[in-house]
Amino acid sequence: MSIVAVFDVGKTNVKLSAATDDGVMLETLTTPNIVLDGPPYRHHDLKGLEEWLVEGLRELRSRHRIDAIVTCAHGSGGVLAGEDGPAMPMIDYEQSIPDDVDRAYRAAVGPYRERASAIMLGAAHLARQMLWQEMVWPERFSKGVAYLATPQYWAWRLSGVLAGEVTSLAAQSHLWASADGRPARLVAERGWQQLMPPMRHAWETLGPITPEMARRTGLPAATRILCGVHDSSANFYRYQAAGLSDFTVVSTGTWIVLLTDRTGVDFDDERPGHACNADVFGNPMPGMLTMGGREFSAVAGKASGPASQDALERIVRSQTFAIPSFGSDDGLFPGTAKQGRVEGPLAGDESARFTLAVLYAALLTATCLEKLPPARTVVLDGTFVSDPLYGALVAALTPETRVLVSRSTTGTATGAAMLAAHDKRTAPAPLAIETPDTSQLPDLTTYRARWSALTKPMEQAS
């Protein structure tokens, strides 16, 4: 069994893990993902992160025989690569962009079928980042040799090989028309084809580690560098490798991300919260996307968990509600950004706030599931499932669906590590999942109907 180093780049934190190639985590190091104010704009500290990666690989190598390295990352990060490093700093996707760039982008980007996601706030899309750099810093932009999503940027730094990859480009980059499995027309219209390197599979070995990186890390010269993968697609692959089909995965964290292998979605019809990603094989995956983690934090405030059965019963009985949206993103309810509120008799009761946040997250999840083609199985994982009440509430709110819970909080890294054994896997990978217990929950029928009625005017306004 091989040992894989998984470099998991999140928006807030970065993890480096040693794992077996069947996905068992052995050890994890972590560090904040540092953002610098500028110039020329707010950007990630790639130099500092590379130094941390090198030191982390040296540390893991001292305790594990690492045979391969794979990177997974969120879908809103990319780097304009130059001849021997970044041609421009990596943009922090949460910052605003100039109005003239935003107007030009919205005019150029095309319909939903081309974008595969809504046009989100800030600099969230790789295509918008590229346009900003091209419009404002044309000379520096012209020095770029490729535009790489985060996983492929680090694969390049480690292997010296430039590559594109379908799950990374399909994750709201607006550079890839996921439904049709091709580059978005914007790429040709802007003349960016030369910045799009050849496509490779997520599990493919781009090459051995470069001699320089081998020297810096102390890793063997034969260490394989995989192409890398988008984090949600890595997590989905974990369940595909276990033999699941006709299923939807709900990954929870900063974002609630739903992906399904079910078909039947009209990709010409843009609807709030909808997106179309891709699995590692290039198949389109209808999905939903809402910033549930930020919403959860806003509702919970300073309250800490776990959620309690007593608080849930008081919330339901008193008809106390969290009404969207609390963050700067509309999510499922257009026009509601920063208008979120808590109303009802327990609105000021701190002892109920964490449980209310869990219930609110479950309601958002159930709403997302309603808007996708029904699947035989729904698997919940990620940050939220650490509280048992979340899985039970989602199951109770979706009684016609088989809901399963994975208590593992390392699904992304697990799926990424399993890519290293993709070509040699001959049987379904093991998977530990459980059915949540809903027997002690209060009847949510009236509460759910009231919450839906409170959000209905928002849906109608869209």
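Student: What should I keep in mind about the numbering and the model?

Tutor: Residues count from 1 along each chain as its sequence is written, and side-chain values use heavy atoms, with hydrogens and water left out. Because the model is predicted, local features need pLDDT of at least 70 and side-chain atom pairs count only at pLDDT 80 or more, while totals for chains, interfaces and linings use all residues.

Student: Glad to have that. Why is Ala116 called buried?

Tutor: Buried means under 20% relative accessible area, exposed means over 50%, and partly exposed is in between, with a 1.4 Å probe and protein chains only. Ala116 has 3%, so Ala116 is buried. Ala116 also has a positive phi of about 70° although it is not a glycine. Its place is the loop between helix 3 (112-115) and helix 4 (126-136), where helices (H or I, at least four residues) and strands (E, at least two) are DSSP runs numbered from the N terminus.

Student: And what makes Gln319 partly exposed?

Tutor: Gln319 has 25% relative accessibility, so Gln319 counts as partly exposed. Gln319 follows helix 12 and sits in the loop between helix 12 (309-318) and strand 18. Its phi is positive too, near 60°, in a residue other than glycine.

Student: Is Arg115 buried or exposed?

Tutor: Buried: its relative accessibility is 6%. Arg115 lies in helix 3. Leaving aside neighbours within four places in sequence, Arg115 is in contact (heavy atoms within 4.5 Å) with Val109, Gly110, His174, Trp176 and Glu270.

Student: What does Gly23 touch, leaving aside its neighbours within four places in sequence?

Tutor: Gly23 is in contact with Thr414, Ala417 and Met418. Gly23 is found in the loop between strand 2 (13-20) and strand 3 (25-32), and at 9% relative accessibility Gly23 counts as buried.

Student: Why are helix 12 and helix 13 called roughly perpendicular?

Tutor: Axes are lines fitted to C-alpha atoms, for helices over the stretch in contact, and angles run from 0 to 180 degrees between N-to-C directions. Angles under 35 degrees count as roughly parallel, over 145 as roughly antiparallel, 65 to 115 as roughly perpendicular and the rest as oblique. Helix 12 and helix 13 (residues 350-370) pack at about 80°, their axes 9 Å apart, and the two helices are therefore roughly perpendicular. Helix 12 gives Ala311, Leu312, Arg314 and Ile315 to the contact, and helix 13 gives Ser351, Ala352, Thr355, Leu356 and Leu359.

Student: How many of those contact residues are nonpolar, polar and charged?

Tutor: Six are nonpolar, two polar and one charged. Here Ala, Val, Leu, Ile, Met, Phe, Trp, Tyr, Cys and Pro count as nonpolar, Asp, Glu, Lys and Arg as charged, and the others, Gly among them, as polar. Ala311, Leu312 and Ile315 are also among the buried residues of helix 12.

Student: How do you know that strand 16 and strand 17 pair?

Tutor: Two strands pair if DSSP finds at least two bridges between them. Strand 16 and strand 17 (residues 284-290) have five bridges, in the antiparallel sense, and Asn277 stands opposite Met285 in strand 17.

Student: What makes strand 16 an edge strand?

Tutor: Six strands form an open sheet of mixed pairing, in the order 16-17-15-14-20-21. Strand 16 (274-278) and strand 21 (402-405) each pair on one side only. Neighbouring strands of this sheet are turned by 25° against each other on average, direction ignored. Helix 13 lies across strand 14 (247-252), strand 15 (256-260), strand 17 and strand 20 (377-382), at about 30° to strand 15.

Student: Where else do strands pair in the antiparallel sense?

Tutor: Strand 7 pairs that way with strand 8 (residues 146-149), over four bridges, and Ala149 is the bridge partner of Gly78. In strand 7 (residues 78-81), Gly78 and Leu80 point one way and Val79 and Ala81 the other, all of them buried.

Student: Which peptide bonds are cis?

Tutor: One joins Gly38 to Pro39, with omega near -5°, and Pro39 is in the loop between strand 4 (35-36) and strand 5 (43-44). Another joins Pro324 and Ser325, with omega about 0°.
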